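Please find below my notes on this model, arranged as numbered points.

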Amino acid sequence: MDLLRYSASRFPAAHPQLPFRTPLGRRFVAVRSSLSLPFAEQKGKYYSELEAAVDVVERACRLCVDVKKSLFSSDGRILEKNDQTPVTIADFGVQALVSLEMNRLFPSIPLVAEEDSAFLRSNNLVGSVVDVVKDKATLGDEVTEDNILKAVDRGGKDAYVFAPEPATYWILDPIDGTRGFVKGSEALYVVGLALVVEGKIVLGVMGCPNWHEDCSDNSIIGVQENQSSRSGIIMVSHVGCGTWTKRLSDILTNESPHTWTRCSVDSCQMVQGARVTIPESQTWKSLPLSGLFDAKKDSENIGEGNILLLSACCGSLCKYLMVASGRASVYIQGKKATSIIKVWDHAVGIICVHEAGGKVTDWEGSSLDFAADQTERRLIFPSGGVLVTNGSLHSKIIGMISSNSSVL
């Protein structure tokens with residue numbers, strides 16, 4: 001890989017368990033990457049941070065692809081957490097890799113991520129994580145069991161205590177859609193990384209190794225019989241610079257690179273006939289729009305009073321990816337009384353949709369507040385649920401949700 005000179009962080013040293021605030025500064029380090037960004041460096045204030053994020057997500061996708069090749073040859077590679085959510089060595093491996101690389105380049109920026117090392121310790125699995133991370137890390141000789149455990153815990157629940165003021169930190173979902181990951185080729189999974197600066201999401205990168213470019217409207221997104229037809233994509237977004245995608249297969253196989261493609265949300269103006277996706281854990285009847293529209297899964301049978309319900313498994317980030325790329329018009333997620341909504345399931349998707357021309361709010365039309373969880377920055381509390389649209393439909397759907405609030 002070529003060495004690219006880039007401007008790294010402008011942040012002072014961070015201290016675990018201390019209130020955290022960070023101003024910006026600049027210095028120069030090097031990052032290895034096979035990708036150049038789709039816009040000039042002078043156009044993006046956080047160009048260097050995005051360059052580093054693209055590089056580490058690319059390597060994380062390589063790690064996932066490598067682990068997945070052996071996933072079904074060893075029972076020990078498919079695990080289950082206490083909350084019955086399937087998780088793999090790849091999940092911990094991605095978090096360890098991203099933590100190691102971003103801490104090396106940006107030692108003062110905290111990481112907010114999904115996992116901690118307790119599961120690895122209790123199941124004696126850290127050696128397996130070392131094995132998958134070692135050849136993906138910049139400094140492979142430093143990938144020891146102790147450093148892996150520290151790297152995973154750097155993103156864990158008790159790693160940092162934030163001050164109430166706007167903060168700067170990375171948000172990582174190591175694998176969004178782990179159920180999809182263990183299903184093999186039957187569903188999508190996404191590696192998602194975003195940077196929040198002084199309370200605002202300024203960049204994001206999503207890598208989806210099994211995304212397919214030519215899915216039909218009524219298919220499960222990403223699912224194709226022909227394995228070679230799934231090229232995968234990497235999606236990048238920078239505040240003020242748009243959202244872009246590139247074929248991930250070219251990166252992973254070192255084929256001749258395809259150019260970046262700028263993303264735009266779709267142009268649907270009417271809720272009737274819109275392409276809608278919802279969480280696989282929720283039904284259309286549980287959502288307020290069901291009182292106004294019937295959901296159909298066959299695009300050829302859409303009539304008056306219908307919407308087209310797209311199937312997409314698993315996780316929430318692939319739904320954001322669908323809206324940002326114009327595959328879907330709407331993603332609507334209801335907030336269950338017993339559920340907790342995590343920041344890593346939404347952060348990177350929000351900036352990718354915004355920069356593609358879409359909109360993300362709660363069901364009352366308010367922006368999602370990433371500082372509501374003042375000390376940990378791990379939870380969000382949207383009123384009613386989360387609504388992601390192409391922008392054109394947003395106010396219409398907010399009005400419909402309000403008028404049908406009795407359905408909630």
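1. Leaving out residues up to four places away in sequence, Ala-60 touches Val-94, Leu-97 and Val-191, where contact means heavy atoms within 4.5 Å. Ala-60 belongs to helix 1, helices being DSSP runs of H or I with at least four residues and strands runs of E with at least two, both numbered from the N terminus. With a relative accessibility of 0%, Ala-60 counts as buried; the cut-offs are under 20% relative accessible area for buried, over 50% for exposed and in between for partly exposed, with a 1.4 Å probe and protein chains only. The C-alpha atom of Ala-60 is separated by 7.4 Å from that of Val-98, although the two are 38 residues apart along the chain.

2. On the basis of these notes: this is a predicted model, in which local features need pLDDT of at least 70 and side-chain atom pairs count only at pLDDT 80 or more, while totals for chains, interfaces and linings use all residues. Residues are numbered from 1 along each chain as its sequence is written, and side-chain values use heavy atoms, with hydrogens and water left out.

3. For the chain as a whole, the secondary structure comes to ten helices and 19 strands. Buried residues make up 58% of the 408 residues, and among contacts with a separation of 6 or more, 70% are accounted for by residues 24 or more positions apart.

4. Helix 1 (residues 47-69) packs with helix 2 at an angle of about 155 degrees, their axes being 10 Å apart; axes are lines fitted to C-alpha atoms, for helices over the stretch in contact, and angles run from 0 to 180 degrees between N-to-C directions. The two helices are therefore roughly antiparallel to each other, given that angles under 35 degrees count as roughly parallel, over 145 as roughly antiparallel, 65 to 115 as roughly perpendicular and the rest as oblique. From helix 1, the contact includes Ala-52, Val-56, Arg-59 and Ala-60, and from helix 2 it includes Gly-93, Val-94, Leu-97 and Glu-101. The residues of this contact divide into 13 nonpolar, one polar and two charged, where Ala, Val, Leu, Ile, Met, Phe, Trp, Tyr, Cys and Pro count as nonpolar, Asp, Glu, Lys and Arg as charged, and the others, Gly among them, as polar.

5. Helix 2 (residues 89-105) also packs with helix 4 (residues 126-133), at an angle of about 60 degrees and with the axes 9 Å apart, and this pair is therefore oblique. Ile-89, Phe-92, Gly-93, Ala-96, Leu-97 and Leu-100 in helix 2 meet Ser-128, Val-129, Val-132 and Val-133 in helix 4. Those residues divide into eight nonpolar, two polar and no charged.

6. The buried residues of helix 4 are Val-126, Val-129, Val-130, Val-132 and Val-133, and what covers them includes helix 1, helix 2, helix 3 and helix 5 (145-154). Ser-99, which is placed in helix 2, is buried as well, with a relative accessible area of 3%. Leaving aside neighbours within four places in sequence, Ser-99 is in contact with Leu-111, Ala-151 and Arg-154.

7. Most residues other than glycine have a negative phi. Asn-124, in the loop between helix 3 (118-122) and helix 4, has a positive phi of about 50 degrees although it is not a glycine, and Asn-124 is exposed at 70% relative accessible area. Arg-377, in the loop between strand 17 (359-362) and strand 18 (379-380), likewise has a positive phi, of about 60 degrees, but Arg-377 is buried, with a relative accessible area of 1%.

8. A further loop residue is Ser-231, between strand 8 (200-208) and strand 9 (233-238), which counts as buried at 7% relative accessibility.

9. How many disulfides does the count come to? Taking a disulfide as a pair of cysteine sulfur atoms within 2.5 Å, the count comes to zero. The cysteine sulfur closest to that of Cys-208 is in Cys-318, 7.2 Å away and too far for a bond. Cys-208 is buried with a relative accessible area of 0%, and Cys-268 is buried with 18%.
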